[in-house]
Every structure is written in structure tokens, then in C-alpha cells.
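Here are my notes on the model you asked me to look over. Have the viewer open while you read, with the chains coloured separately.

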Amino acid sequence: MAGAGVNRADDERPDAAPRFDDRRDLLRPLRLFGLFFRVGALNELQYRANLAVQLFQSGIALGTGLIVLGLVFGQTSNLGGWSQSELLAVMGVHILMGGIINSAIQPNMERLMTDVRQGTLDFILTKPEDAQVMISVREFRIWQAVDIVVGGIVLAIAVSQLQAGIGVGAALIFALTLFLGAVMIYCFWLLVTTAAFWVIRMDELHELFEGLYQSGRWPVTIYPGWLRISLTFLVPIGFAVTVPAEALTSRLTVETLALAAAFAAVLFLVTRWFWRFGLRHYSGASA
Amino acid sequence: MTEPAIRVAGLEKTFRVPVREAGLGAAVRSLFKREHREVRAVDGVSFTVEPGEIVGFLGPNGAGKTTTLKMLSGLLHPTGGDATVLGHTPARRQAAFLRRITMVMGNRNQLQWDLPALDSFELIRAIYRLEPSDFRRTRDEFIEILDLGELVKKPVRNLSLGERMKMEFVGALLHRPQVLFLDEPTLGLDVTMQKRIRTFVAEYNRRYGATVLLTSHYMADVQALCRRVIVIHHGRLLFDGGLAELATSFDATKTIGVTLKDGSADLSAYGEILSSDDGRILLRVSRADAPEVTTRLLRDLPVADLTIEDPPIEDVIERVFADAKDERDDATAAAKATAATAASD
């Protein structure tokens, strides 16, 4: 409390302008993520039952995945050039990326849609922070992150079964492709969600994406050309799942890596432009 | 002469909204061919507000109040004209500008629903990057003025509407903004709570010399806080001046209340009778005639008590809008059609 005997000069001038920390901070987006992560955790820790539900869901999904994989390899020893352990790696990446999407990307986008509909986006837009950063880091569902752990375990098992093993270099490149993949999925989601500025209701989007994402369970290289291309450039699931799996199974070419990096960069710039364009035309939910 | 806190010149905002007739057939047609209509929500509004002023923004629903506030807080890009707030162009949404303003909306919350308000305050501190000591002092000061005590430790969802609104105010003012945009901040609150919020706004304005732009449907809010009001209707400025002058310029009448010693009498010869109960009769007379009518009443009748008052501000406002209504009735219809489409979209 002011005047509680604290020896601060400002306590004698309660009307002094408040002080802000004005330093430039390149890690600001990460710090904001950390902040909201804390609040999200505080929120979700109240609902422990959700952890049980999530564990159950992840268990079922993992079980079905393994059974299907077993069935396929009961018939053949290779699918489009991929061995069983290699496909297990694809599955691991698929679960892991699914965990990232469901815990960090999708909840933010759904919140954005709700905020646009209810007009509460106004609170974000009047904060002295980059609005895109704010809407992208606000939500984190810790229980959904269970899939990140499950995916990691499946990956570890798959890698231990691969004859070649994997070096530090490949692991770093894998991490990089995973990051690029996540950026592309994020951009895809934000591009589509930004359309909510014009088309207010987009509830079905979630299901549509979920359905498409299931196709990433298999390497996109096994699909026919048109589908492969759509799943790579239209909805960048190929980049998000297949490419990291390629990095783990010594399939990744320099060209693919360069393409992934370039595509991620371009997509990010386009998304940022489109977001700002959307904001300029945002008319708000009228009161 | 100091720089005005808010300067608005010829501000305009036009919305392009899809319109369609009611019914399924029209709905299907609109899937293929959308018809649009331009709605001028704000149509060339100009005014300035000096630092430290509290200005009431009046107008019926759809008059353009909220749209103007949104343009001033950087949420909407004006279609035309200029707006300057604290020397900044709001639409550029610079951090230096956003740190000095705030927006409170009566029906919307920004605090975390499931958490105690204290956690949300901490988040707001971090977003505004406030010095921890400044932050704590401001926070505790507001908690004391609003008498929130231990409530800040309860999850927001467990608070009453009024308590939640007080928390919203604390959260919205933690960074001690110099310009406050308050859009119906007392909406739905009971009278005591409205009063509490009002006192708080007045106290904040007094302590920090902040400029306040307020919209409210409760005239009590406006009367208690604002010496100056700006009236807009159909996006145009109708009046800008003192609350008292509003009555003089739009309602040139006075209300005379008379109580007679010997019960009632027919006073219709003196003026228009507004009401007559418990022996007290209310007469409406034109402002110019008031002295003369009063003299006659006192001379002719056994008067026990006599009062002369300005008409209630609600009546004045009603009159202002009734006058302006005839002018652009079709525009209102258009605005309504818009609202209906937007709601059904």
C-alpha cells in the first residue's frame, strides 16, 4: 500500500506517471507465451479430470494406430518404400505434431474466432503489444500436450528400431523441419481464421482440418500426385509430418529442406500481411 | 493553451454491409449474389476535448457513439476525416499511444473467468510491462477505493455482475491511462453499484487528471460526471456544450410545481398540466412565460408551495431525438436492416 512507510520517493507523488519497461526485447513473443502459459496452466490445473480423459483418448488413438500399422505389415513388408519402423516414425511425428496443433495452435485460433464474434478482440487490439503475437500465444492446453509426450515416445522407439540410427546432425535437422512444419500449420490456420473478419462463423473448420490431418498418418509420398500436392502446399500436412519423418529416415534431400524453409518463410510473410489486411477491415462486433 | 487531449475533425466511418430481405428464398439468393449497402455510421463529426475533461457522449442506439469511440481507440480505421488522441493517430495503434488509453465496455469482460482477478491483474502488469512497485501501489489503491478487499482472491466467475465490473475497472486502469473510453460502463448494474462506479471514475479523473469520454443510457451517470455533453444522432453532431445549455437549446420550457392551500383547482389556463397528484400540480410553460405565469399564480391563488424547475434531462434528450427523427427516418430503417442482417449472419 502507498504510504505504508515504504521509503520510495514516488510514494509521495501518487500522481506520477507510471513507469514502463521500454527496452527492446526480441524474445518478447516467447516471454508473452510464457506468461499466458502460466495463466493457462493455472486455469487447467483446476480440471484434473481432463488429464484422465486426455490420457484415455491418446491411449485409444495410439492403440488404433498401432493395430492398423500391424495389419498393413501383416500383408506386406514395405509400403511405398517405407519399412515398418520408418512408418512408426511417421506415426510418431504425426502424434507429436497433432499434440502441438491441439495444445498450442488450434485453441488460439478458436479463441480468435470467438473473440471476433463477441467483440472481445477489442481488448487485445487496445493492448500495447503486437496483436498477432498476442492472439497466437494466448491459449495453451496443457493436457492436450500429452500427445507431444506420447509422440516423442513412439518416435524414440521407432528410431531405436532403425538400423542406421540417428546422429546429432540428423536430430538437429529433424528439429528444424518440425519447427518449419509447425510454422506452416500455424500460418495455414491463421490465414483461414483471419477470414473470420469477413465470414463470422467458421465452426466447421476444426472438423475439416481434423479430417485432413488424419491423412498425414501416412507419408504423403504414397498418395497420388494431385492429393500429394494439395496436402503439401494447400494444407501443409506433408511439410509438417512427412518431411520431418524423412529427416529421421535419411530420405531428406537438401532441395526438400530448402523448399520447406522457403515455403515457410513466404507463407509466414503472406500470413502476416493478410492478418494486417484483415485488421484494417475489421469492423468489430457492433454493440 | 495546452494541446487538446482529443481532436476530431470531419470524422467519417462508412460500413459496407450485406442486405437482404427476410425469408429463405432471399437467404438462398444472397448466397449467390450479395447486395451491399453503404451505411454511414459516423458522418463528419468534429470536436475537441481538453485534458482532464469528462465528456458525455449521448445518442440513441445506432447513433454512431460506439463507432466513434472505436475509431478514437484505434480499433477502427476512419473512412474519412482526422482523429488525434494525445498527439497520436489512433489507427496506427502505436504502443506509446495504447499505453496511455483504455477502453471499458459494459457488457464485455477481459479478466480470466476461472481465475481470481489478482492473477489477471498480474497478467495485465506483464503485458503493459509496469514496474512492480508502481503496479502494486496502483492496484492496492484501486482495490481500496472500490472496497474490493478479499474479493480479488475469488474466481471472477463467482462474483456478482457489479463486483465483476469493478474488477474490470481495476484491470483497465492499472496502467493509469490518460484517456478513458467508457462505453456503457454501468450497463445492467443496480443503482448503488452504478453510483460506486461513477464515484470511482470521478475520483480517478480528479487524482490523475485523466480525460474521459463516456457513453451511457443512464442519465444519472451523465449528470453526475459530465459538465459537457456531445449529442450525436445518425452519425451527425447535434449538440456540443454544457448539460444545462442542452436543456435551454432543445427544450425551451420550465416545469412549475404548485401546491394549493385548499386542495385542487383547474390550472389549465396557466399552462399544460403534466400531472396532478396529492394536491401537487405540475405545469409545463414556455421558458419565456415562466416569470409571468408564476406571478399570476401567486396573485390569483392560495399557493402553499411553488417550485420552478428545468425539465428532467431524460425528457430533453427524448425531445432532441424526436426532433431529429423526422429528418432522416429512412436512414434509421436502413440501420435496423443492417443490424438484423449482422445478427443473423
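Predicted model: local features only at pLDDT ≥ 70, side-chain atom pairs only at ≥ 80, totals over all residues.

1. Let's start with chain A. Along the principal axes, the C-alpha atoms of chain A fill a box of roughly 80 × 45 × 40 Å.

2. Now the contact. Chain A puts in 48 residues and chain B 39 residues. Between them the two chains bury about 4100 Å², with 56% of that on carbon and sulfur atoms. On the chain B side, B:Ile127, B:Arg129 and B:Arg137 lose the most area to chain A, and together they make up 17% of what that side buries.

3. How many salt bridges are there between chain B and chain A? The count is 2, and A:Asp122 turns up in both of the pairs described here. With B:Lys70, the side chain of A:Asp122 makes a salt bridge at 3.3 Å, N to O. This pair joins two chains, because B:Lys70 lies in helix H2 of chain B while A:Asp122 lies in helix H4 (residues 121-125) of chain A. The side chain of B:Arg108 also meets that of A:Asp122 in a salt bridge, here at 3.6 Å, N to O. For context, the count over all chains is 28 salt bridges.

4. Which elements of chain B give two or more residues to the side that touches chain A? They are helices H2 (65-72), H3 (95-98), H4 (117-128), H5 (132-145) and H7 (191-208), plus strand E5 (101-105). H5(B) provides the largest share, 6 residues. By residue type, the side of chain B that touches chain A divides into 17 charged, 14 nonpolar and 8 polar.

5. On to the rings. Searching the whole structure gives 18 aromatic pairs over all chains. In chain B, take a look at the aromatic cluster formed by B:Phe142, B:Phe169, B:Phe200, B:Tyr204 and B:Tyr208.

6. One last thing to find in chain A: where does the charged end of A:Arg251 sit? It is over the ring of A:Trp82, 3.9 Å from the ring's centre.

Methods: Residues numbered from 1 in each chain as written. Chains lettered and ligands numbered in written order. Heavy atoms only, no water. Contact = heavy atoms within 4.5 Å. Buried area = accessible area lost by both parts, 1.4 Å probe. Salt bridge = Lys/Arg side-chain N within 4 Å of Asp/Glu carboxyl O. Helix = DSSP H or I, 4+ residues; strand = E, 2+ residues; numbered from the N terminus. Nonpolar A, V, L, I, M, F, W, Y, C, P; charged D, E, K, R; others polar. Phe/Tyr/Trp six-rings, centres within 6.5 Å; stacked < 30°, edge-to-face > 60°. Lys NZ or Arg CZ within 6 Å of the ring centre and 35° of its normal.
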